[in-house]
Amino acid sequence: MRNDIQFLRGIAVLYVVFYHSGLDFLPQGFLGVDIFFVLSGFLITKLILEQIEQNKFSFLNFYQRRVNRLLPALYVTLILTSLLSILFLTASQLQDFSYQLIGAVTFSANMVLPSQTGYFDAAAEGKPLLHIWSLSLEEQYYFLLPLVLFLTPKGLRVAALISVFMASIYMCFSWSNATDQNVPFLWRFSDVSKYEWSFYMLPTRAWELLAGSVTAWLYLNKRIAVTPRTKIACLSIILTLGYLQITQSHPSIEALIIACCTAVILLGDDLWLSQNFINRMVIKVGDWSYSIYLIHWPLFAFSYLAYVGQTPLLVSCLIIIFSIFLGQFQYKYVETPFRHKGAPLQLSSLRNFVFATVLVLTIPIIITLLPINENFDNRVMAQKELNYGFSQECQDAIDDRLNMNIKCTNSESFDTVIWGDSYAMHLVPGLSIKNNIAQITKSMCGPFLNIAIVNSNYSEQWAKDCIHFNTLAFDFIRKNDNIRNVVLSSSIEFYLQNDILANDGRIITGSSVLVDSYKFMINELNKAGKSIVFVSPPPRDGRNIGECLEREYGPALLLLGDCTISFETYQKHQNGVTTILKELESVSAVFDVSTLFCEKGRCITSKNETGLYRDNGHLTIEGSKLILGDLKIEDLYSMQKRAGAQQE
């Protein structure tokens with residue numbers, strides 16, 4: 001194998017490992033996968049074209065070699081990961097893991113994972129087999145490429161590769177930047193956007209593998225000569241892009257630049273690469289790169305879960321070292337004995353392949369049948385139950401004629417409306433005990449007039465629907481003389497982290513637009529004789545407190561002392577939200593709900609052996625009742641005044 005190819009493999013896997021470590025050492029380290037794609041396309045196409053030219057190509061031999069090359073290390077990793085999952089995964093995570101495992105074994109992980117999470121979402125960090133998506137995508141390419149090259153006449157092969165390359169890159173960039181993010185022909189799989197599918201799907205990522213394939217054709221036909229100086233310049237660009245962000249989305253221009261630079265380096269020989277100590281070490285890492293890639297992510301994922309998203313720096317550093325060590329070990333004792341023709345161990349025989357596959361798939365089935373969670377099931381189910389308030393139908397509580405859905409109120413003579421996003425929903429179970437209320441809520445849609453967030457998951461059309469929803473809510477409250485009190489709530493945080501669509505079509509950012517919208521709305525509601533109180537979000541510190549409590553209750557490993565929240569950490573984490581709340585307080589009452597949670601520097605997350613949180617900030621149904629069940633709406637105003645007096 002060429003030294004420069006192994007060197008690029010070493011760079012690619014180190015990029016990925018350091019990125020996944022969370023050390024912020026290589027913020028663009030995910031580009032290592034793009035390097036792998038180009039290398040894979042180059043090597044596999046070069047092999048196929050050479051064998052076709054020599055009349056030695058055999059489909060059976062080709063797929064047998066792929067099995068012996070890829071499956072032994074993959075299956076060992078899957079078996080060990082499955083065994084460790086007993087210690088680290090909760091009951092619901094074990095169920096998700098079983099689907100991930102099936103996706104890994106059937107090379108369809110890139111179709112399974114989008115239905116569970118996006119690659120860059122926080123929840124993705126706890127998916128032990130998240131990284132297998134790229135291997136599945138490569139295997140799908142390996143399955144199709146030999147057929148295309150074998151059936152296409154020799155003179156048309158490069159034209160066919162370039163044509164598919166152009167189609168793929170067009171689809172990728174058009175989907176990732178599409179205004180309408182709905183995917184009509186994939187709706188049955190999951191409610192996943194075009195942007196997310198453009199990351200995972202073979203049709204939208206094949207262009208990177210095809211870049212390698214076209215490069216292989218150019219290499220074999222010696223059509224382009226590349227100087228060592230040009231290759232060094234390309235390597236410098238690859239190393240620079242590990243730190244430099246050009247766009248917010250991926251795949252995007254950075255991936256295109258990486259693919260082009262990798263392709264240029266592959267043309268010609270490897271004499272340009274000097275053989276100094278550092279380069280030789282990176283080449284060694286390149287030899288072990290497949291096993292390192294397989295091993296590193298489950299270790300980071302288990303650590304992330306056990307520390308509830310706050311893996312200590314030392315632990316991350318140790319996992320990096322341990323991943324490289326285990327990768328070298330697996331390369332020597334698992335990969336090497338299987339991969340070469342005539343090796344003593346071969347997985348490509350039908351009997352061995354079926355046995356190994358059945359063994360891998362049997363382990364999670366056995367795990368799910370074990371009674372390890374039976375003593376905790378009821379408690380965990382209550383902990384994870386979604387808190388929609390009165391009903392999920394309250395996402396559309398009011399129709400265009402301003403009629404209220406009867407499922408969204410506990411009394412025909414309600415005098416109070418709870419309005420907002422999911423942080424208003426979770427107030428309903430508690431406040432409905434002693435108050436006659438109606439619920440007008442929509443997830444991710446805070447109670448602010450004429451504005452809504454937009455991002456890759458929430459399109460402009462969704463934002464317009466949110467604006468329309470809030471307009472209906474505002475008109476309903478303002479025109480209903482029976483309504484005296486309006487309780488508002490929102491996370492607020494996502495307005496500070498995303499672009500905002502205004503009613504006039506402008507895309508804007510910043511907190512001032514949020515405050516201005518709120519002040520205008522409150523002024524109009526005050527004119528209509530309504531009393532307003534905004535309820536702050538519960539204390540948060542960035543952890544998934546619901547999962548922490550689930551681990552505290554059940555057998556899954558928890559490497560934290562407890563799940564309570566430090567008041568100081570909460571204040572730092574919510575600093576931006578607190579600033580906004582102080583501005584809102586100039587025009588309406590603001591009730592700081594942390595007064596019900598926090599005392600002597602700590603904030604409780606459970607009460608009477610009942611979990612209060614279901615995730616990183618939302619209250620459970622029972623938690624809402626425990627915290628808010630004794631309060632009348634008037635108490636929110638009086639307690640707000642007492643809290644303000646104490647602060648003064």
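**Entry 1: the model.** I noted before anything else that this is a predicted model.

**Entry 2: α1 against α2.** I began with helix α1, residues 3-20, and its packing on α2. I found their axes 8 Å apart and the angle about 150°. Angles over 145 degrees count as roughly antiparallel, and α1 and α2 are therefore roughly antiparallel to each other. I logged the crossing of α1 and α2 as left-handed. On the α1 side I listed Ile5, Leu8, Arg9, Ile11, Ala12, Val13, Tyr15 and Val16. On the α2 side I listed Gly32, Val33, Ile35, Phe36, Leu39, Phe42 and Leu43. Sorted by class, the contact of α1 with α2 has 13 nonpolar residues, one polar and one charged.

**Entry 3: α2 against α11.** I stayed with α2, which spans residues 32-53, and turned to helix α11, residues 253-266. Their axes come within 9 Å and cross at roughly 40°. That angle makes α2 oblique to α11. I recorded a right-handed crossing where α2 passes α11. Which residues meet here? From α2 I wrote down Asp34, Ile35, Val38, Leu39 and Phe42. From α11 I wrote down Ala255, Ile258, Ala259, Thr262, Ala263 and Leu266. The contact of α2 with α11 divides into nine nonpolar, one polar and one charged residues. I noticed that Ile35, Leu39 and Phe42 of α2 are listed in the contact with α1 and in the contact with α11.

**Entry 4: an aromatic pair.** I searched the whole structure for aromatic pairs, and the search gave 27. I looked at one of them, phenylalanine 37 with tryptophan 133: the ring centres are 5.9 Å apart and the planes stand at 85°, so the pair is edge-to-face. Phenylalanine 37 sits in α2 and tryptophan 133 in helix α6, residues 132-151. The two are 96 residues apart, and the pair links distant parts of the chain.

**Entry 5: α6 against α9.** I put the crossing of α6 and α9 down as right-handed. The contact residues of α6 include Trp133, Leu137 and Tyr141, and those of α9 include Leu202, Arg205 and Ser213. By class I have eight nonpolar, two polar and two charged residues for the contact of α6 with α9.

**Entry 6: the sheet.** I then looked up the strands. In what order do the three strands of the open sheet stand? The order is β3-β5-β6, with antiparallel pairing. β3 (451-454) and β6 (507-508) are at the edges with a single partner strand each, so one side of each has no neighbour in the sheet. I found that helix α19, residues 460-479, packs on the sheet and touches β3, β5 and β6. The direction of α19 makes about 155° with that of β3.

**Entry 7: bridges and the turn.** Four bridges join β3 to β5, and valine 454 has aspartate 499 as its bridge partner in β5. Two bridges join β5, residues 499-502, to β6. Isoleucine 500 has isoleucine 508 as its bridge partner in β6. β5 and β6 form a hairpin with four residues between them. In that turn I noted glycine 505, with a positive phi of about 95°.

Note on methods. Residues are numbered from 1 along each chain as its sequence is written. This is a predicted model: local features need pLDDT of at least 70, side-chain atom pairs count only at pLDDT 80 or more; totals for chains, interfaces and linings use all residues. Side-chain values use heavy atoms; hydrogens and water are left out. Two strands pair if DSSP finds at least two bridges between them. Contact means heavy atoms within 4.5 Å. Axes are lines fitted to C-alpha atoms, for helices over the stretch in contact, and angles run from 0 to 180 degrees between N-to-C directions. Angles under 35 degrees count as roughly parallel, over 145 as roughly antiparallel, 65 to 115 as roughly perpendicular and the rest as oblique. A crossing is left-handed if the near helix is turned anticlockwise from the far one by less than a right angle, and right-handed if clockwise. Ala, Val, Leu, Ile, Met, Phe, Trp, Tyr, Cys and Pro count as nonpolar, Asp, Glu, Lys and Arg as charged, and the others, Gly among them, as polar. Rings of Phe, Tyr and Trp (its six-membered ring) pair if their centres lie within 6.5 Å; planes under 30 degrees apart count as stacked, over 60 as edge-to-face and the rest as tilted.
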